[in-house]
Amino acid sequence: MMSIHEKEEALFKRWEEFAKSRKDVNFAPDGLLYRGDATTGDEPEGDKWVWGTVPADEEKRWNEAKRRLLIVTKDLNHGKKNNDDKLTPWDIRIETGYKNTTEKDFDWNICIAFYKNLRMWSYGLLNTDDNGNYPSFEEAKDMDNSAPFYLSAPIARMNIKKECGAGYVNNSVLREHIKTYKNYIIEQLDIYDKADIILACSPVIKDFIIKDYFKEYKKIADWTSFDQFGQWIFYSPSTKKILVNSYHPSNRKGYEIPYNDMMNPFSECVKMLWGNE
């Protein structure tokens, strides 16, 4: 039986070959996040120390976890500069959330908003109990709590669009990409079929997953009296997966509003679903 990473590599080989045939280049792999130590090289890359993790026991953690999270984002909006000052893709599975700096020492709080939000959201979603009790914003925003959790929790992160982009990808471009690579995207979603929670970081991604992957689904407002932000939470009865339609991790609404706007309806959903298991 193939491991998760073996399935990823086999898929990516076919996916990248097809992408190249369409002149889509700079393919960036992703998937089940590595859970080995966070390290840097012996020397800085240019003027910065670059952090990354290594493969370890992430598949064991994933298979044995009570709850698992799949984060689905748009694309890698930048790569690493090579000697020709060109951007090249990097493997998302090594991500740490650390900000690469000129000093080798690190601080959990030295981090871009994208990763601070992913840390907090992952911490909140995976630490919600069966009765819907979840960590407060104050607890989640403490990077001493959520940052190491993000480095150890059963999390997979995949980009819908595998080719490196710029700082922004137009929704029409994303939809066209989904149309072209739909079968590959669904095959990768299937690799993480044990994921209990899917965090969709774009309305376009949400629409694709509930219509083409779930096929049948319910909104939280359909079966509870909680209709505030009811468009945030969707449930697939056949797969028993919960989809959370989130803000973009780099949104400019701050941290507290996106966290609470997400966690309140998620809590109500959990009470109805997991609390009755």
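Reader: Why is Thr-96 called buried?

Author: This is a predicted model, and in it Thr-96 has a relative accessible area of 4%; since buried means under 20%, Thr-96 counts as buried. Thr-96 lies in the loop between strand S6 (87–88) and helix H3 (113–126), where, residues up to four places away in sequence not being counted, Thr-96 touches Ala-38, Trp-51, Gly-52, Thr-53, Arg-119 and Leu-151.

Reader: Is Asn-245 buried or exposed, and what makes it so?

Author: The relative accessibility of Asn-245 is 11%, and the limit for buried is under 20%, so Asn-245 counts as buried. Asn-245 belongs to strand S11 (residues 241–245), and, with neighbours within four places in sequence left aside, the contacts of Asn-245 are Ala-200, Ser-202, Pro-203, Lys-206, Gln-231, Trp-232 and Phe-234.

Reader: What percentage of the residues of the protein count as buried?

Author: Of its 277 residues, 51% count as buried, in a protein whose secondary structure comes to nine helices and 11 strands. Among contacts between residues at least 6 apart in sequence, 72% join residues at least 24 apart.

Reader: Which residues line the second largest pocket, and which element gives the most to the lining?

Author: The second largest pocket, with a volume of about 180 Å³, is lined by Met-1, Met-2, Ser-3, Ile-4, Lys-7, Glu-59, Trp-62, Asn-63, Asp-190, Ile-191, Asp-193 and Lys-194. Two or more residues of this lining come from each of helix H1 (4–21), helix H2 (58–64) and helix H6 (171–191), and H2 gives the most, with three residues.

Reader: How many residues of that lining are nonpolar, polar and charged?

Author: The lining of the second largest pocket divides into five nonpolar, two polar and five charged residues. Ile-191, one of the lining residues, is also among the buried residues of H6.

Technical notes:
Residues are numbered from 1 along each chain as its sequence is written. This is a predicted model: local features need pLDDT of at least 70, side-chain atom pairs count only at pLDDT 80 or more; totals for chains, interfaces and linings use all residues. Side-chain values use heavy atoms; hydrogens and water are left out. On a 1 Å grid over the protein atoms alone, a cavity is a set of points where a 1.4 Å probe fits but cannot get out, and a pocket is an open set with protein on both sides within 12 Å along at least five of seven lines; lining residues have an atom within 4 Å of a point. Grid points are joined across faces, edges and corners, and a volume is the space filled by probe spheres set on the points. Helices (H or I, at least four residues) and strands (E, at least two) are DSSP runs, numbered from the N terminus. Ala, Val, Leu, Ile, Met, Phe, Trp, Tyr, Cys and Pro count as nonpolar, Asp, Glu, Lys and Arg as charged, and the others, Gly among them, as polar. Buried means under 20% relative accessible area, exposed over 50%, partly exposed in between (1.4 Å probe, protein chains only). Contact means heavy atoms within 4.5 Å.
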